[in-house]
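Hi everyone, thanks for coming.

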Amino acid sequence: VGPRNLFLIIFPEAYNDCEDNQTRNRGFSKRGDNECEQDEGTQRIGGPFGSKRPTLSGSGNGDIYQSRGGSGSRRDSWKSEAEGGESGDTQGPKVTYIPPPPPEDEDSIFAHYQTGINFDKYDTILVEVSGHDAPPAILTFEEANLCQTLNKNIAKAGYTKLTPVQKYSIPIILAGRDLMACAQTGSGKTAAFLLPILAHMMRDGITASRFKELQEPECIIVAPTRELINQIYLEARKFSFGTCVRAVVIYGGTQLGHSIRQIVQGCNVLCATPGRLMDIIGKEKIGLRQVKYLILDEADRMLDMGFGPEMKKLISCPGMPSKEQRQTLMFSATFPEEIQRLAGEFLKSNYLFVAVGQVGGACRDVQQTTLQVGQYSKREKLVEILRNIGDERTMVFVETKKKADFIATFLCQEKISTTSIHGDREQREREQALGDFRCGKCPVLVATSVAARGLDIENVQHVINFDLPSTIDEYVHRIGRTGRCGNTGRAISFFDPESDSHLAQSLVKVLSDAQQDVPAWLEEIAFSTFVPGFGGSTRGNVFASVDTRKGKSTLNTAGFSSSQTPNPVDDESWD
Ligand SMILES: Nc1ncnc2c1ncn2[C@@H]1O[C@H](COP(=O)(O)OP(=O)(O)OP(=O)(O)O)[C@@H](O)[C@H]1O
């Protein structure tokens with residue numbers, strides 16, 4: 001019995017289960033179901049790729065699958081942390097993982113990859129700014145008039161030229177305005193908010209944090225996944241290098257005591273996943289009275305039905321300054337209209353909206369290919385493609401955690417060096433997997449949607465959608481793991497007409513908007529599933545290209561400053 005057969009004997013229904021699961025979920029908006037961050041406080045113990053089937057639970061062999069309630073349990077699972085899960089009174093053993101500290105040497109802090117051949121093409125992208133009295137865009141870092149230390153750090157990070165989202169967002173944030181910004185994946189949104197906030201903090205003369213049981217950060221940044229918030233923290237640490245500003249990161253899957261120890265040493269910029277943040281606030285280690293900046297990265301995800309209620313709780317926490325008294329910033333590559341409307345509750349009514357290119361559009365530096373592949377041929381096709389790719393770094397996205405384990409195991413058996421990341425793996429394993437992928441030890445990373453957003457990994461040349469996601473937004477984020485910062489990349493998607501037809505129409509639109517070839521068979525499927533007045537089952541108005549306030553806006557190429565909206569924009573009342 002070969003290893004693959006052995007796997008199938010032990011988990012005979014693994015493959016079909018995954019497919020069933022995926023099919024069952026089709027047709028529903030899976031916003032809220034898709035795997036994202038799950039900050040539950042208990043620890044999972046897994047096999048080579050983490051999760052074990054629930055049926056093994058309690059087998060007494062130490063190989064226990066700590067059930068997380070299946071897909072769709074995200075809210076509950078991370079709530080359990082906020083409600084005391086971390087203290088170990090829910091399920092499973094207490095989390096003891098303490099992530100290794102990041103390297104402290106300057107070379108590591110400022111390590112970066114090169115911008116690509118298409119970096120300058122960013123300047124040709126149309127930018128739309130809506131809202132009243134938008135400050136003009138800046139063309140250079142010098143125009144931003146940042147302090148010397150920040151300028152030094154920018155130079156050490158290898159930034160010489162602003163990206164469009166930076167040209168527009170930096171002056172808006174420096175002017176103290178609230179902002180909702182939408183720009184393509186990999187185009188520098190993180191620095192677009194970090195730099196002006198740090199500049200503000202420096203200008204306000206932030207004093208060095210000192211040890212205190214209750215810390216009161218000036219800035220809170222939230223993001224939907226642990227790895228992403230850690231990445232944002234590393235960027236914050238890089239740009240604040242040599243200043244008094246202390247950034248701290250806290251996220252689920254790690255020991256709570258460790259998070260607390262990081263915080264009490266001083267905290268000006270708190271980077272957090274929502275579950276851990278609420279937990280720490282509940283434990284009175286963080287006070288909110290000094291919060292001047294609240295940033296929601298991947299804001300559409302942070303406001304959707306998965307995280308939205310917790311974000312609302314956050315802004316209504318005792319001490320949290322009202323929206324009039326804080327500056328709130330939202331960034332994403334996608335912004336469905338209905339989520340834009342929800343965002344109004346968080347933002348001042350005169351917030352500005354910046355759209356670089358088409359809201360929700362795919363990055364044009366990614367060459368997209370769609371292949372018609374039925375579910376039973378997918379594995380063979382995957383192996384064929386990976387063998388052709390060789391050692392180039394490739395992310396393979398699948399729809400379920402079980403499938404991620406299954407495909408990763410399968411590829412290893414095929415002698416393709418593979419690791420995996422998904423929400424049923426322990427945090428230690430997730431970080432190890434990402435590390436092995438980053439350094440090239442494992443050039444293939446099989447992932448669920450937990451890795452779809454925000455992750456900025458050097459040299460990811462290929463993304464393969466083994467399973468297409470259920471929403472086109474998720475597709476845009478996934479393929480955005482390649483083709484970053486002006487570099488080129490390739491995305492190959494397996495389209496199974498049995499389960500993916502609902503996506504055909506929006507996929508055709510995304511492909512054609514990004515000037516990609518659209519296969520005739522895909523157009524045919526899109527046509528045959530045509531829904532008049534297409535709202536799409538998955539994403540409100542799929543191709544929203546404007547601020548939903550419908551204010552008049554101005555179109556600019558990124559090199560020129562915007563004029564302002566002449567008319568009142570609020571024809572819809574949110575407050
Ligand atoms: N002005 C710049 N010059 C050079 N490199 C830059 C510049 N701005 C950002 N970068 C680099 O580009 C990469 C992508 O940036 P970032 O991760 O902020 O993209 P993003 O827009 O947030 O993407 P996503 O939508 O996937 O979250 C990072 O490695 C970042 O350091």
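Let me start with a question: what covers the buried residues of H7? Strand S1 (126-130), helix H5 (141-144), strand S2 (179-182), H8, strand S7 (327-332) and strand S8 (352-356) are among the elements that do. Please keep in mind that this is a predicted model.

Let's stay with helix H7, residues 164-174, for a moment. Of its 11 residues, 10 are buried, so the helix is largely enclosed by the rest of the structure. If you want to find them, the buried ones are Pro164, Val165, Gln166, Lys167, Tyr168, Ser169, Ile170, Pro171, Ile172 and Ile173. After H7 comes Gly176, and the phi of Gly176 is positive, near 85°.

Now let's zoom out. The protein chain contains 21 helices and 15 strands. It has 575 residues, and 53% of them are buried. Take the contacts with a separation of 6 or more: 79% of them are between residues 24 or more positions apart.

You'll find Phe466 in the loop between strand S13 (460-465) and helix H18 (472-479). Is Phe466 buried or exposed? It counts as buried, because it has 23 C-beta neighbours inside 10 Å. Setting aside neighbours within four places in sequence, Phe466 is in contact with Lys378, Leu382, Val396, Phe397, Val398, Ile407 and Phe494. Look at Leu382 in particular: Phe466 and Leu382 are 84 residues apart in sequence, but their C-alpha atoms are 7.4 Å apart in space.

Next, the ligand. There are 22 residues around the ligand, and the ones that come nearest are Tyr159, Gly188, Lys189, Thr190 and Cys485. Which helix gives the largest share of the shell around the ligand? That is helix H8 (residues 189-203), with three residues. Sorted by class, the shell around the ligand has 12 polar, six nonpolar and four charged residues.

The crossing of H20 with H21 is left-handed. On the H20 side, the contact is made by Ala504, Gln505, Leu507 and Val508, and on the H21 side by Leu522, Glu523, Ile525 and Ala526. Six of the residues in this contact are nonpolar, one is polar and one is charged.

The loop between H20 and H21 holds Gln515. Although Gln515 is not a glycine, it has a positive phi of about 55°. That deserves a remark, because most residues other than glycine have a negative phi. Gln515 counts as exposed, because it has 8 C-beta neighbours inside 10 Å.

Another residue of this kind is Glu284, a residue other than glycine with a positive phi, near 60°. Where is Glu284? Look in the loop between helix H11 (274-282) and strand S6 (293-297). With 9 C-beta neighbours inside 10 Å, Glu284 counts as exposed.

Notes: Residues are numbered from 1 along each chain as its sequence is written. This is a predicted model: local features need pLDDT of at least 70, side-chain atom pairs count only at pLDDT 80 or more; totals for chains, interfaces and linings use all residues. Helices (H or I, at least four residues) and strands (E, at least two) are DSSP runs, numbered from the N terminus. A residue is buried if 20 or more other C-beta atoms lie within 10 Å of its own, exposed if 12 or fewer, and partly exposed in between; C-beta atoms are placed from the backbone. Two residues are in contact if their C-beta atoms, placed from the backbone, lie within 7 Å. A crossing is left-handed if the near helix is turned anticlockwise from the far one by less than a right angle, and right-handed if clockwise. Ala, Val, Leu, Ile, Met, Phe, Trp, Tyr, Cys and Pro count as nonpolar, Asp, Glu, Lys and Arg as charged, and the others, Gly among them, as polar. A residue is near a molecule or strand if its C-beta atom, placed from the backbone, lies within 6 Å of it.
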